[in-house]
Amino acid sequence: MSKSIAGFSKLSKSEKIDWIVETYFSNTDNAKRILKQYWNDDEILQQLHDEFIENTISNYYLPLGVAPNFLINDKLYTIPMAIEESSVVAAASKAAKFWMNRGGFKTQVISTTKIGQVHFMYYGHVETLKTFFNYIKPKLIEHATPITKNMEKRGGGIIDIELRDKTQDIKGYYQLHASFETLDAMGANFINSCLEEFAKTFKKEALVFDAFSAEEKNIQIVMSILSNYVPDCLVRAEVSCKVEDLNEDKTISSEEFANKFVQAVNIAEVEPYRAVTHNKGIMNGIDAVVLATGNDFRAVEAGVHAYASRNGKYSSLSHAKVENGIFTFWMEIPLALGTVGGLTGLHPLVKLSLELLHHPSAKELMQIVAVAGLAQNFAALRSLTTTGIQEGHMKMHLMNILNQFEATPIEKETLTAYFKNNTVSHSAVVDAIKNLRLKHNN
């Protein structure tokens, strides 16, 4: 039966595991064996992984694959992808090869501004607050100099600080809305440190500002935190070709394929139920590269989906058109990424992935990640509008089903050959493996 425990974090790793397996598992030896079989034999490397988070008991593996043949701005890349979902890497690779022969992907970083906010409550005269802000703004920047000086040497730092009146939403609610340039760092720690220094200076100086009444001096700082919504940290990725060069499927003309593809994107632009799945496909590619390069995929996901709703309705991130015989497919997406700091300098596979990508700057990584998302979206839409999504996906999923039934190498070879010409479904695979084993036993 489950039970609480005091001081769990102070236990050693082996003591944590002993408590967990004894409390939650009927087969304690098997549970302990599974946890330990994922430990790295290199004790130093294992300690590194143990110290990434708290209460570590084991390592959780995800496959790290690569998608080659990405031609981006006339430069070839092989893109690392960490993901568990079948067909994502294969689909990205297929799209990359398709567009490599049609000019490749073109990308452009539009802007790299990131945002942080100090949220505070003030119930006095707004004009007095504005006067105070204009007076204190230079001091806010000056007092943060110990934090910003190294970033400024590299060309980054604080871009601006604004006072924003949000009292229409919540009585007495205001913000210090600050913008930052963090260069090759994602910049979360830098931004949050600056914001906390702003808040400290803002509150302290308010107490001695003569124009404030006694009540007005008592500004309440609620919190100081960066925003993962980065609509001004944008990158554009695009592919285009003549419609006549677009399709390789002999069962459908290039013109019909282009028309169906554009219509599919149009549907995702207006129908939220479709847009969510459409954008999830984009994030299959984006998250896989973000994770492989040691960046925060949860922050990216949150910011991207907020951006998809920026006009008041959730909509497609990608767009397509046919004009003057030219098919164009593109996407503008917010991506706050880093290539220094965090796991980028700690995790050996992250460092390897960044080297695989030619040691990109943050701007270059933004472009690579956007391309992975666009490629994934193209591959999905091409399948949806021609053969259907299940044909390719289920063939990739076949191996997972066979592994669930602990298929032998010979069984895998036999059933893979069988399903080259037969429809893959979970029930069909189950029947096939049962029949194969029955035949073998007889």
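Helices H10 and H11 pack at an angle of about 150°, and their axes lie 10 Å apart. H10 is therefore roughly antiparallel to H11, a term applied to angles over 145 degrees, with angles under 35 degrees counting as roughly parallel, 65 to 115 as roughly perpendicular and the rest as oblique. Axes here are lines fitted to C-alpha atoms, for helices over the stretch in contact, and angles run from 0 to 180 degrees between N-to-C directions. Helices (H or I, at least four residues) and strands (E, at least two) are DSSP runs, numbered from the N terminus. The model is a predicted one, in which local features need pLDDT of at least 70 and side-chain atom pairs count only at pLDDT 80 or more, whereas totals for chains, interfaces and linings use all residues. Residues are numbered from 1 along each chain as its sequence is written, and side-chain values use heavy atoms, with hydrogens and water left out.

The crossing of H10 and H11 is right-handed; this applies if the near helix is turned clockwise from the far one by less than a right angle, and left-handed if anticlockwise. H10 contributes Asn279, Met283, Ile286, Asp287, Val290 and Leu291 to the contact (heavy atoms within 4.5 Å), and H11 contributes Phe297, Val300, Glu301, Val304, His305 and Ala308. By class, eight nonpolar, two polar and two charged residues make up this contact, where Ala, Val, Leu, Ile, Met, Phe, Trp, Tyr, Cys and Pro count as nonpolar, Asp, Glu, Lys and Arg as charged, and the others, Gly among them, as polar.

H10 (residues 272–292) also packs against H9 (residues 254–270), with axes that come within 6 Å and cross at roughly 115°. H9 is thus roughly perpendicular to H10, and the crossing is left-handed. Val265, Ile267, Ala268 and Val270 of H9 meet Pro272, Arg274, Ala275 and His278 of H10. Six nonpolar residues, one polar and one charged form the contact of H9 with H10.

A further partner of H10 is H13 (residues 362–384); the two axes come within 7 Å and cross at roughly 135°. H10 is therefore oblique to H13, and H10 passes H13 in a right-handed crossing. On H10, the contact includes Arg274, His278, Gly281, Ile282 and Asn284, while on H13 it includes Val369, Ala372, Gly373 and Gln376. The contact of H10 with H13 comprises eight nonpolar, seven polar and one charged residues.

H11 (residues 297–308) lies across strands E8 (234–242) and E10, at about 120° to E10. An open sheet of four strands, in the order E3-E8-E10-E9, has antiparallel pairing; two strands are taken to pair if DSSP finds at least two bridges between them. Strands E3 (106–109) and E9 (318–323) are at the edges with a single partner strand each, so one side of each has no neighbour in the sheet. Neighbouring strands of this sheet are turned by 20° against each other on average, direction ignored. Six bridges pair E9 with E10 (residues 326–334) in the antiparallel sense, and Thr328 in E10 is the bridge partner of Lys321.

Another open sheet of four strands is ordered E5-E6-E4-E7, again with antiparallel pairing. Its edge strands, E5 (157–165) and E7 (220–226), each pair on one side only. E4 and E7 run antiparallel and are joined by six bridges, and His119 stands opposite Met223 in E7. Helix H5 (residues 126–143) packs on the sheet, touching E4, E5 and E6 (173–181), and its direction makes about 170° with that of E5.

The structure holds 25 aromatic pairs, defined as rings of Phe, Tyr and Trp (its six-membered ring) with centres within 6.5 Å, where planes under 30 degrees apart count as stacked, over 60 as edge-to-face and the rest as tilted. The ring centres of Phe120 and Phe202 are 5.0 Å apart with planes at 55°, so this pair is tilted. Because Phe120 lies in E4 (residues 114–121) and Phe202 in H7 (residues 188–206), the pair ties together parts that are 82 residues apart in sequence.

Strands E1 (residues 64–72) and E2 (residues 75–82) pair in the antiparallel sense over seven bridges. Ile72 stands opposite Lys75 in E2. E1 and E2 form a hairpin with two residues between them, and Asn73 in the turn has a positive phi of about 50°.
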